[in-house]
Amino acid sequence: MTTASPFIPGLELARAFYKEAVRPILATTFPHLVHSAGLIGTGSEVLGFDTAMSADHNWGPRVTLFLQAADQARLAADIDAALADALPPTFRGYSTHFVTAADEAGTVWMAAAAEGGPIRHRVHVMVLADFLRDYTGADLPLPPTLLDWLLIPEQKLASLARGGVFHDGLGQLAPLQAHLAYYPEEVWRYLMAAQWQRIGQEEAFVGRAGIVGDETGSAIIAARLVQDLMRLCFLQEQQYAPYAKWFGSGFARLAAAGVLGAVMPAILQAQTWRERERHLCQAYTIVARRHNDLGITPPLPTAASPFHDRPFLVIHGERFADALRETITDARVRALPPIGKVEQFVESTDVLSAGVKCRQLAPLYID
């Protein structure tokens with residue numbers, strides 16, 4: 001693998017690769033081709049989370065070209081061949097040639113091309129509708145349907161809405177990103193209600209496990225609550241949460257990180273359930289105040305208080321959930337079960353990474 005120094009973020013590399021290497025070839029060989037180009041979908045670089053380590057696989061100079069269906073069927077093979085013949089073997093110090101290991105399907109690496117041989121490049125020629133169907137498991141009309149919002153994981157929504165658009169000759173990518181910018185208002189409220197409900201369902205268990213001497217169990221529950229509070233912060237700031245690998249990195253970009261940045265590690269590092277509970281109460285208060293600052297429900301208590309007559313302090317997440325649900329006026333959203341969207345109740349990578357499998361959960365929302 002030929003590498004550059006210093007590291008070039010993949011999205012920046014892809015944008016330059018399209019403008020300086022790919023587009024000039026298209027302009028010469030296919031001067032009348034109407035297309036769009038960008039970097040959306042999979043890849044840490046799409047959301048700007050890549051580092052130099054990312055360059056070891058599935059990373060490098062790449063771009064997706066989107067064509068009308070008739071042009072894709074007629075020209076895709078010719079475009080692929082023209083680029084294979086005319087692309088430079090390296091771009092900004094990175095190889096444009098990729099190889100695949102026989103025992104690792106779907107994984108590619110940058111490698112030196114044979115001298116004078118064609119470039120096995122990563123310029124994919126696709127129809128946007130086909131790309132979206134494969135990536136999300138849905139036809140994804142614009143605007144999306146209610147089920148689309150609930151069954152397309154946030155990682156996928158984020159990578160479509162925040163990915164790079166380098167050229168939009170078809171006029172398709174800009175509307176896509178505009179429609180997917182964030183959830184509709186009532187869906188947003190529903191998802192926050194579901195998140196508060198998750199918190200309300202487990203917050204007392206930190207003490208309940210700890211009081212019988214199960215500090216390990218208490219710590220696990222506290223860690224789950226930290227994750228739930230962080231996800232709630234993404235919702236409050238109307239930002240999509242990335243998947244597990246970049247969840248903490250994404251959280252660090254939020255305004256909430258400035259006020260919760262020291263509290264969350266304290267929860268995770270606590271050695272006793274009482275210490276855990278004390279730090280959790282700090283986090284509850286901060287997040288509850290942030291909820292009140294949104295002004296979308298009547299103000300709710302921001303201090304933790306006893307869980308019924310037991311010696312555990314909680315924020316009573318169900319109060320926030322109930323208050324949010326009361327503000328929802330769309331009958332379809334009001335009728336939804338209180339489970340939220342797919343990643344609020346599913347953690348399996350095999351499900352969340354496969355759009356078709358996510359769609360199979362649709363019956364959960366149908367009464």
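At what angle do the axes of helix α3 and helix α5 cross, and within what distance do they come? The structure is a predicted model, in which local features need pLDDT of at least 70 and side-chain atom pairs count only at pLDDT 80 or more, while totals for chains, interfaces and linings use all residues. Residues are numbered from 1 along each chain as its sequence is written, and side-chain values use heavy atoms, with hydrogens and water left out.

The protein chain holds 17 helices and ten strands; helices (H or I, at least four residues) and strands (E, at least two) are DSSP runs, numbered from the N terminus. Along the principal axes, the C-alpha atoms of the chain fill a box of roughly 80 × 45 × 35 Å. Of the 367 residues, 52% are buried, where buried means under 20% relative accessible area, exposed means over 50%, and partly exposed lies in between (1.4 Å probe, protein chains only). Contact means heavy atoms within 4.5 Å. Among contacts in the chain with a separation of 6 or more, 71% are between residues 24 or more positions apart.

Now to the helix pair. Two packed helices are described by the angle between their axes and the distance between the axes. Helix α3 (residues 128-136) and helix α5 (residues 154-161) have axes that come within 11 Å and cross at roughly 155°. Here axes are lines fitted to C-alpha atoms, for helices over the stretch in contact, and angles run from 0 to 180 degrees between N-to-C directions. The crossing makes α3 roughly antiparallel to α5; angles under 35 degrees count as roughly parallel, over 145 as roughly antiparallel, 65 to 115 as roughly perpendicular and the rest as oblique. From α3, the contact involves F131, L132, Y135 and T136, and from α5 it involves Q155, K156, S159 and L160. Sorted by class, the contact has four nonpolar, three polar and one charged residues. In this sorting, Ala, Val, Leu, Ile, Met, Phe, Trp, Tyr, Cys and Pro count as nonpolar, Asp, Glu, Lys and Arg as charged, and the others, Gly among them, as polar.

The loop between α4 (146-151) and α5 contains I152, which is buried, with a relative accessible area of 1%. Beyond its neighbours within four places in sequence, I152 is in contact with T136, L140, L157, K341, V342 and R359. The C-alpha atoms of I152 and Y135 are separated by 9.3 Å, and these residues are 17 residues apart along the chain. In helix α4 itself sits D148, also buried, with a relative accessible area of 2%. With residues up to four places away in sequence not counted, D148 touches A138, L140, P141 and R359.

Next comes a sheet. Four strands form an open sheet in the order β7-β2-β1-β8, with mixed pairing; two strands pair if DSSP finds at least two bridges between them. The edge strands, each pairing on one side only, are β7 (123-126) and β8 (164-168). On average, neighbouring strands of this sheet are turned by 20° against each other, direction ignored. Strand β1 (residues 36-39) pairs with β8 in the antiparallel sense over four bridges, and three bridges join β1 to β2, also running antiparallel. By contrast, β2 and β7 run parallel and are joined by four bridges. G38 stands opposite V165 in β8 and opposite T64 in β2, while T64 in turn stands opposite H124 in β7. The bridge partner of A37 in β8 is H167. From β1, S36 and G38 point one way and A37 and L39 the other, and all are buried.

The nonpolar cores complete the picture. A nonpolar core is a set of buried Ala, Val, Leu, Ile, Met, Phe, Trp, Tyr and Cys residues joined through side-chain atoms within 4.5 Å. The largest has 79 residues, of which Y183, W196, F251 and L260 touch the most other members. Helix α9 (residues 215-236) supplies the largest share of this core, ten residues. A second, separate core of 35 residues includes L13, A14, A55 and V108.
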